[in-house]
Amino acid sequence: AKAYGKSQLALFNASLQQEVHQRLKLETALGDALGKGEFELFYQPIVEVGAGRSRVVGVEALLRWWQGEKMIGPDEFIPILEETGDIVKVGDWVLQQACAQVREWQEHGLPGLRCSVNLSSRQLLEKNFAGRVAEVLAATGLPPKSLVLEITESLLMQDGPETLATMRELESTGVRIALDDFGTGFSSLGYLHRYPLHIIKIDKSFISQAPDDERLKAISRAVIGLGKGLSMDVIAEGIETSEQMDFLSGEGCNLVQGYWFSRPQSASDLKPLLLSLSQA
Ligand code: C2E
Ligand code: CA
Ligand code: CA
Ligand code: CA
């Protein structure tokens with residue numbers, strides 16, 4: 001029995017070693033990814049639904065990592081970039097890239113198009129982050145009012161005294177801030193009061209079952225009302241069906257994002273849709 005136990009332990013060690021090895025490989029590959037040009041931004045339209053006509057009002061930039069032909073999604077590598085600290089330089093690249101792309105679309109027939117960029121807490125805690133944002137806006141020519149920075153509740157939970165100051169500085173330049181995944185973390189309504197926030201994004205976990213689930217419907221309805229009362233825009237994420245769309249527009253939420261309109265796509269793939277919807 002003793003020998004058996006020992007060999008089990010050896011097996012366990014071997015698989016643990018393999019896991020650590022895999023992880024190190026991934027970390028190393030990720031460390032080189034930016035320099036090798038393996039990152040790409042996909043864009044998903046944010047649509048304003050009106051009576052009989054819909055209009056793309058913005059796009060959210062979503063990071064992708066190419067490993068040869070294989071595309072890796074952000075849920076698999078953003079946590080590693082956050083741990084290694086590389087998220088700061090990758091996030092800076094995302095900001096520059098997205099602002100430049102949206103500016104180009106603005107100059108080609110989509111003048112009011114907005115650009116939404118996801119932020120990690122490490123970025124907001126960087127010294128003079130607001131100054132860096134202003135620099136990127138100036139360099140790309142994107143008007144500050146066209147930029148939306150998306151942050152999460154967990155970011156606000158780990159904030160330092162600088163976070164509020166940075167957010168106020170950003171607001172004073174005209175940049176808007178969205179609270180992403182609203183309601184999924186340790187939501188505190190106090191955040192809505194304490195921080196300069198302009199947009200609430202209702203998480204897709206509420207939307208996905210909303211039309212059939214009375215309680216989730218009540219939550220979505222309350223968040224929409226909260227946003228209205230605070231003069232904030234409310235964007236519903238993860239719209240996949242016309243039932244979900246009907247429910248939301250019935251509740252007066254007309255800003256939506258989801259597979260129902262478009263999956264996130266590369267800039268070149270998205271361009272025809274952007275142009276057609278903007279003129280609809
Ligand atoms: P998120 O900011 O909540 O982005 C929305 C996610 O929902 C995206 O996943 C998008 O592809 C997905 N989605 C959109 N519409 C639908 C739908 O109708 N149904 C379903 N099931 N999903 C939908 P993605 O692209 O895999 O991104 C995952 C997360 O990774 C993002 O969640 C965001 O937190 C993070 N992320 C992505 N890009 C960046 C980045 O540049 N920087 C940072 N810090 N985080 C990023
Ligand atoms: Ca987001
Ligand atoms: Ca979200
Ligand atoms: Ca999310």
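This briefing covers the ligand site and the salt bridges of the structure above. The model is predicted: local features need pLDDT of at least 70, side-chain atom pairs count only at pLDDT 80 or more, and totals for chains, interfaces and linings use all residues. Side-chain values use heavy atoms, leaving out hydrogens and water. Ligand 1 sits in the largest pocket.

**Terms for the pocket**
- A pocket is an open set of points on a 1 Å grid over the protein atoms alone, where a 1.4 Å probe fits, with protein on both sides within 12 Å along at least five of seven lines.
- A molecule sits in one if more than half of its atoms lie within 2 Å of its grid points.

**Shell around ligand 1**
- The shell holds 22 residues, and Arg64, Asp180, Lys204, Glu240 and Tyr259 come nearest (a heavy atom within 4 Å counts as near).
- Nine shell residues are nonpolar, five polar and eight charged.
- Strand β2 (54–67) is one of the elements that supply at least two residues each (strands are DSSP E runs of at least two residues, helices H or I runs of at least four).
- β2 gives the most, with four residues.

- A side-chain N or O atom of Glu240 lies 2.5 Å from a ligand nitrogen.
- A polar side-chain atom of Gln44 is 3.0 Å from a nitrogen of ligand 1.
- Asn118 places a side-chain N or O atom 3.1 Å from a ligand oxygen.

**Salt bridges**
- The whole structure has 13 salt bridges (a Lys or Arg side-chain nitrogen within 4 Å of an Asp or Glu carboxyl oxygen).
- Arg23 and Glu83 form one, at 2.9 Å from N to O.
- Arg23 lies in helix α1 and Glu83 in helix α2, so the pair ties together parts 60 residues apart in sequence.

Notes
Residues numbered from 1 in each chain as written. Chains lettered and ligands numbered in written order. Polar contact = N/O pair within 3.5 Å; in protein donor to acceptor, adjacent residues only side chain to side chain. 1 Å grid on protein atoms, 1.4 Å probe; cavity = no way out; pocket = protein on both sides within 12 Å on 5 of 7 lines; lining within 4 Å. Nonpolar A, V, L, I, M, F, W, Y, C, P; charged D, E, K, R; others polar.
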